[in-house]
Amino acid sequence: MRLKKLWRLLTSKFMLVCFLLLIEVALLPTAIILLSIYNVIAAIVCGAAILIIDAVLTIYIINTDMNADYKIAWIVLILLLPPVGAIFYLLLRARPKPRRKLKKLRADGSVIEDPLYADADKLPPSFDNADEFTRQCATYIAAQGGLPATDYTHVEYFATGEEYEKRLLEELQKAEQYIFLEYFIIAKGKFWGEVLDILRRKRKEGLDVRVIYDDIGSMFKVPTNYAEMLEKEGIPCLCFNRFRPVLDVAQNNRTHRKIAVIDGRVAFTGGINLADEYINETHPFGHWKDTGLLFEGRAVQNMTALFLQTWALKGEEADTSRYLSQAPSGKPCLCFGDSPFDGDRNLCEDLYLRLIYNAKKYVYIYTPYLIPDEEMKRALITAARSGVDVRILVPHIPDKKYVFAVTKAFAVQLTKQGIKVYRYTPGFVHAKSIVADGKYCVIGSSNIDFRSFYLHFENNMMFFDEEMSGAIERDFLDACEKSALITPKLKDNWLKALCRAILRYFAPLM
């Protein structure tokens, strides 16, 4: 069985792409070396050119507006590995605008006339009696996120993937008009099989059913032509940003969103993908701890808009007025998306920072990957030094060992500053949320790492009341009871410590 899996891996599209990428990376340095061997003058010219390019790039990077951690990582890579570092930077640097097919994605300024985005910069009446912090967060998102501040009438929090699965299937069964699904991962198995059976049946009943999944996220989990297979069954499908054998920063721009919208009446989000490990049907990393939520009200309209933003890649224009919410006013909340093309704005990270600096009593954070930038580290340390109870829950069993090594490095560093970091000993934590002072919380698809904050398309919800905040707080404290506290002195040999230090240094490029 293992040999068969290995053979499939070695003969897969992924391995072919990796082989072509290695050739692409090696081509120019090899040409320079060969030229240098046979021509001394050419070698001198090439060496001088490399030094000039490296110097120019270094000066350019220093003067950009990019995150300071990114700057340092790129500069060191360029200076340590000439000319490979410069090549990588020119090919993989973050860009302010989409490339290739992603350029069809809607930008904030191109949707002003869309009824889903009407009055996006105004706060609805549900915020009239809100406190100053709530109104400031809402004003920021409304002005910078392109979607209006909104409200909800009902919410349910799921402390496990099993609870999420049950309610999602129940609501899909009730669908009468349309079903929109956008997930980073769909994988053949029990969970996706149950969902797909409902989608097929609803499509036959004439409902508008659409599916989006990420190509890299779902790689090896469904066939490479799975979108075409679903289309043949009559289910419109988009495979987001197909992986190509080309070094291009666009390969890093994944849809990491978890969105389910049903009839504009109810929506789901959180950390849960449509794969069996998320509902503990399989156990690749011990017990899988994840969270999600269901909500109703006008906030569902924002989730629909986020889905249609991505669906625009299909090149289909639609009358979005049919997706306007008719729900009554409810409690204030924010339903927003993050894009790598937001310029110097990182909406989710900015709200995390506001929550942390505003906290008076406690801040509790769920995250599978703890790779904070300097701004986030400073906020967490400042809060802890100010007497705020700061706790972070991370996995004990890793899904990606090199990322886990970086997480451990940052965790040890933070514990030395009075922050409590717990390892979820039963297995793997995939939940993504922050809650402060029993009143403010953010939950959605974003991790505390550079990919989520700077490279991925994400979606999140922010609530301003005790209902959701209390649910997350109770669940977090219950998970802490099953977890082990990380001590400032991590017992590891010097080689592991050195590897962690190096990985931490280049964490922004991972």
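Which residues point one way from E4, and which the other way? Asp-208, Arg-210, Ile-212 and Asp-214 take one side, Val-209, Val-211 and Tyr-213 the other, and all are buried. The notes below concern a predicted model.

1. **Overall content.** The chain has 16 helices and 18 strands. It runs to 510 residues, of which 55% count as buried.

2. Seven strands form an open sheet with mixed pairing. The order is E2-E9-E7-E6-E3-E4-E5. Its edges are E2 (154-158) and E5 (237-240), each of which pairs on one side only. From one strand to the next, the twist averages 10 degrees.

3. **Strand E4.** Seven of the seven residues of E4 are buried, so the strand is largely enclosed by the rest of the structure. E4 pairs with E3 in the parallel sense, over six bridges. Within that pairing, Leu-181 stands opposite Val-211 of E4.

4. **Strands E6 and E7.** Here the pairing is antiparallel. Three bridges join E6 (residues 258-262) to E7 (residues 266-270).

5. Helix H8 (residues 190-204) lies across E3 (178-183) and E4 (208-214). H8 runs at about 145 degrees to E4. Helix H10 (residues 299-311) also packs on the sheet. H10 touches E3, E4, E5, E6, E7 and E9 (292-296). Its direction makes about 65 degrees with that of E3.

6. Which angle deserves a check at Asp-263, which is not a glycine? Its phi is positive, at about 60 degrees. Most residues other than glycine have a negative phi. Asp-263 sits in the loop between E6 and E7. It is buried, because its relative accessible area is 13% and the cut-off is 20%. Asp-437 also has a positive phi, about 55 degrees, and is not a glycine. Its place is the loop between E15 (433-436) and E16 (440-444). With a relative accessible area of 22%, Asp-437 is partly exposed.

7. **Nonpolar cores.** The largest nonpolar core holds 93 residues. Leu-168, Trp-192, Leu-334 and Met-462 touch the most other members. Helix H11 (residues 347-358) gives the most to this core, with seven residues. Another core lies apart from it and has 50 residues, including Phe-295, Leu-306, Trp-311 and Cys-335.

8. **Around Leu-334.** What does Leu-334 touch, leaving out residues up to four places away in sequence? Its contacts are Phe-127, Cys-137, Ala-138, Ile-141, Ala-149, Leu-351, Asn-460, Met-461, Met-462 and Phe-464.

9. **H11 against H12.** These helices pack at an angle of about 15 degrees, with axes 9 Å apart; H12 covers residues 374-385. H11 is therefore roughly parallel to H12, as angles under 35 degrees count as such. The crossing is left-handed. On the H11 side, the residues that meet H12 are Glu-349, Tyr-352, Leu-353, Ile-356 and Tyr-357. H12 contributes Glu-375, Met-376, Arg-378, Ala-379, Leu-380, Thr-382 and Ala-383.

10. **His-456.** Is His-456 buried or exposed? It counts as buried, at 8% relative accessibility. His-456 lies in the loop between H14 (450-455) and E17 (458-463). Beyond neighbours within four places in sequence, His-456 is in contact with Asn-252, Arg-254, His-256, Asp-338, Ser-339, Pro-340 and Arg-451.

11. **Phe-285.** This residue is in the loop between E7 and E8 (287-289). At 22% relative accessibility, Phe-285 counts as partly exposed. Residues up to four places away aside, Phe-285 touches Ile-397, Pro-398, Asp-399, Gly-427 and Phe-428. The C-alpha atoms of Phe-285 and Val-429 are separated by 9.5 Å, although the two are 144 residues apart along the chain.

Definitions and conventions. Residues numbered from 1 in each chain as written. Predicted model: local features only at pLDDT ≥ 70, side-chain atom pairs only at ≥ 80, totals over all residues. Heavy atoms only, no water. Pairing = 2+ DSSP bridges. Helix = DSSP H or I, 4+ residues; strand = E, 2+ residues; numbered from the N terminus. Axes fitted to C-alpha atoms, helices over the stretch in contact; angles between N-to-C directions. Contact = heavy atoms within 4.5 Å. Buried < 20%, exposed > 50% of the residue type's maximum accessible area, 1.4 Å probe, protein only. Core = buried A, V, L, I, M, F, W, Y, C linked by side-chain atoms within 4.5 Å. Parallel < 35°, antiparallel > 145°, perpendicular 65-115°, else oblique. Left-handed = near helix turned anticlockwise from the far one by under 90°.
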